[in-house]
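Me: Got a model to go through with you. Let's start with charged pairs, then move to the core.

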Amino acid sequence: MSPSSRVHISVVGTGSPGTPKSVLICTDSTRYLINCGEGTQRILTEHKSKASKIQHVFFTRMSWRHLSGLLGIALTVRTAGVKRMFVHGPPSVVELMKLTRHFADANTTEVVNMLPLILVQSDILQKPFLDSDFKITAFELDTKDTSLEPRAKRVHLDDTSQSQPIYAYLFQGLRLRNKLDPAKCVACGIPASVLHSPKIRQLVDGQPLVLDDGKTNSHLECHNLKTNSTPPGTGLTPVICTVVLECPHESYIPTLQQADQLFAAIRSPREGDPEEPGGLVPGVTLAVHFVPPGLFESSAYQTFVARLDQCGQRAEEGEAEEAGGAQSCGVHHLVVDGSDARPVCPPVTGIYGQSVVLNTHFDPAVYPQLVDLCSVEAKPDLSAVEAFSRVVYAQPMLRYFLRPHSGFSTEHCVALDAQDLIQQAFDPLYVSQAEADTAFAEMRREIDVAIDKRTRGDVKSRLDDLDWPEFTFLGTASSSPSKYRNISAILVRLSPNDCILLDCAEGTLNQLYALHGAAETHRLLRGLRLVLITHMHADHHGGVITIARKVYDLTHNTAGLPVLAPPPFWKWVNSYTTFFGGENRVRLFPITRVYEAPDLASTAADGTDACDPIWRLRDTSEDLVFDWTKILSDLHLKVEPVRVPHTGTSWAYVLSRVVDGGGEAAAAAVEGPTWKVVYSGDTPPCSQLAEAGRDCDLLIHEATMADGYEEQAVAARHSTTSEAIGIGRMMRAKFILLTHFSQRFSRLPSFDTFQEDIAPAFDFMRVKFRDLWKLPYFLPYYKYAFARHWELQQTRADANHLRKVRAEEALELTRSAVMEAVDGPASRKSSA
């Protein structure tokens with residue numbers, strides 16, 4: 001296969017709060033992902049980065065910040081049809097990923113079964129990797145902490161063990177093969193016999209051609225033979241080389257300065273070297289620096305940069321003349337430092353577009369504005385980035401075009417503007433903004449009428465005066481994140497200073513940053529007391545370790561973040577500690593260790609609670625149970641697990657709590673809790689859950705599939721919308737919030753009929769008990785806010801219905817044919 005004619009590098013994330021520190025090298029045929037921290041999957045999904053072409057992932061360090069998104073990426077590329085993905089760098093990455101296979105249950109989910117995708121640990125550390133576009137050489141660099149400066153005075157560090165190796169990668173692009181004109185070859189004295197022999201490939205690959213008479217034809221002398229030479233005006237060689245470096249700490253700088261093997265590889269190869277693939281030239285065009293904030297500007301690192309600048313790749317004479325005389329491209333530096341001191345563009349925009357529409361046209365309290373939309377801070381100055389700037393600090397979606405070589409481009413970077421997002425939301429082809437405004441005005445009139453009735457009729461819930469709990473939905477999608485919804489997580493604030501999480505999928509921390517910003521997110525995390533995990537699918541627990549690490553960074557609590565989870569979760573936590581070292585940041589409470597199954601036989605003999613499915617706390621004489629009871633007591637919270645039949649270790653939770661400020665007497669009133677909330681996790685319809693949650697104030701139930709997709713729901717052991725509502729009716733739940741929507745319905749629910757106690761959840765929706773009554777009034781009007789998606793869903797629903805009708809007709813024809821074959825014509829007459 002010939003080398004790609006188009007090659008560019010795209011910044012996936014800068015490493016600023018809520019984003020991974022990652023770049024993507026894109027060619028016509030392949031994508032090379034450099035690091036994939038948490039959130040990479042969602043960014044690449046939104047920007048349609050052709051997951052089917054992501055076949056290589058390179059890691060610059062064995063760091064959780066770089067690896068935490070690998071599982072999500074693996075699931076995405078597997079869904080796109082990739083059968084094998086190569087992992088380059090630290091040798092233990094694949095071993096870590098093998099441990100995620102116990103997350104999988106192929107019979108119950110299409111998400112986490114890793115078996116069809118083979119992760120291959122490459123041998124790039126032993127020999128360079130070569131494909132049709134690049135020769136890629138890896139360099140393992142190790143260091144010791146030799147700094148004499150006190151640690152407190154050093155440049156801010158990225159988390160790392162001081163003896164941990166780092167990995168540098170040299171991407172040497174292969175020259176585009178030249179297309180020769182046979183007539184011009186003959187005119188230059190090249191015999192027809194040579195033209196049709198393998199020897200002519202030397203010219204095609206850009207190498208000199210020596211004829212039998214001793215005459216040498218170099219590719220420069222034969223430059224006029226090419227039909228795909230460097231595009232006029234670029235002034236740079238079509239052979240492109242990039243070096244990717246990480247310096248997580250200043251103590252690594254001497255190691256980089258003394259990396260003679262790296263610099264030797266950059267300065268090689270030489271023309272005619274028989275051990276090198278054809279078309280390589282010395283030098284480097286772009287250097288990508290993964291560094292902590294402030295390190296790139298340090299004098300010590302600039303000394304290393306100066307040595308790197310001496311390795312600039314030069315344009316060849318003929319190409320320089322053709323392009324207008326440019327002689328050298330020098331080295332351009334892309335700095336990915338994660339600094340929050342400079343304004344940055346968001347890596348995704350879908351969540352902002354949805355948020356601003358819901359905030360503006362529905363309810364600003366229920367749908368709060370994301371922090372970047374209401375920030376008064378200066379916007380990124382993208383105009384300062386020129387095509388061939390020597391040093392550019394990364395912005396999400398910033399690109400550097402290597403072939404054709406046009407340098408940096410900010411065309412795909414997005415500076416947020418609320419008014420632009422609102423205008424983009426309404427498409428006149430479906431619903432104009434004027435039509436939508438008319439519908440929204442009608443919605444507000446209906447709500448005003450309802451408020452008046454509630455006021456005159458003194459309709460008030462006993463929970464309306466409660467300020468807490470407050471429920472913030474951080475993820476409402478199933479399986480994998482979409483442009484508009486992240487995967488499962490709900491933040492429950494029990495008081496101004498205490499909160500818990502119901503599930504914690506990958507990207508949960510990023511969602512908190514998007515909603516609250518860094519300062520408020522860190523304040524909330526200091527008060528995070530507990531995480532409840534429902535089951536072992538990654539779309540429900542993939543963000544726990546990231547959250548636990550951040551909580552430790554903020555609190556330095558060596559006891560770890562309390563997590564109640566199914567027993568298999570301990571294996572994943574222990575594996576993390578083994579591979580990344582350090583102390584365990586999770587304080588695990590396995591459900592079956594602190595709770596015991598109900599003894600249905602004995603309760604039946606008493607004639608009470610014969611079918612009570614709730615698991616009970618074990619004897620508090622055990623230290624683990626005592627510690628768990630103390631956590632719940634401090635929160636005035638009661639947690640009751642219930643088994644549900646999604647997987648063999650799936651659970652739902654019944655939460656109840658006494659009134660805040662009730663003192664010791666209220667805290668002791670466990671028999672009559674003030675409120676009761678049920679969280680289903682993932683489950684098909686479950687009568688035991690309905691019994692356990694009897695008369696609850698709020699049911700949060702999954703509704704993965706829309707009505708009409710019952711077969712898919714049964715196969716995956718999920719619930720449809722009607723099934724979830726049916727469980728709520730059996731439970732006598734006072735209100736039902738639906739969540740965990742399939743990607744088929746990622747923007748809005750597939751139903752629009754008002755029911756006074758039912759509403760769907762959206763990402764970043766924030767509600768208290770007093771807010772629930774108004775949510776159903778929004779339901780008939782979401783289709784005006786997201787009209788194009790509503791029409792698409794209706795089209796899909798119609799197609800699905802037609803498919804089922806045709807399948808039923810075919811089945812009926814088959815039945816008739818079988819009956820006729822068995823009974824003959826007489827049977828048909830008698831039936832008539």
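Me: Is arginine 529 buried, exposed or partly exposed?
Reply: Arginine 529 is partly exposed, at 31% relative accessibility. Buried means under 20% relative accessible area, exposed over 50%, and partly exposed in between (1.4 Å probe, protein chains only). This is a predicted model: local features need pLDDT of at least 70, side-chain atom pairs count only at pLDDT 80 or more, and totals for chains, interfaces and linings use all residues. Residues are numbered from 1 along each chain as its sequence is written, and side-chain values use heavy atoms, leaving out hydrogens and water.

Me: Which residue forms a salt bridge with arginine 529?
Reply: Aspartate 498, with the closest N and O atoms 2.7 Å apart. A salt bridge here is a side-chain nitrogen of Lys or Arg within 4 Å of a carboxyl oxygen of Asp or Glu.

Me: New topic. Which residues have the most contacts inside the largest nonpolar core?
Reply: Trp628 and Leu737, in a core of 164 residues. Such a core is a set of buried Ala, Val, Leu, Ile, Met, Phe, Trp, Tyr and Cys residues joined through side-chain atoms within 4.5 Å.

Me: Which helix gives the most to this core?
Reply: Helix α16 (residues 508-526), with seven residues.

Terms used. Helices (H or I, at least four residues) and strands (E, at least two) are DSSP runs, numbered from the N terminus.
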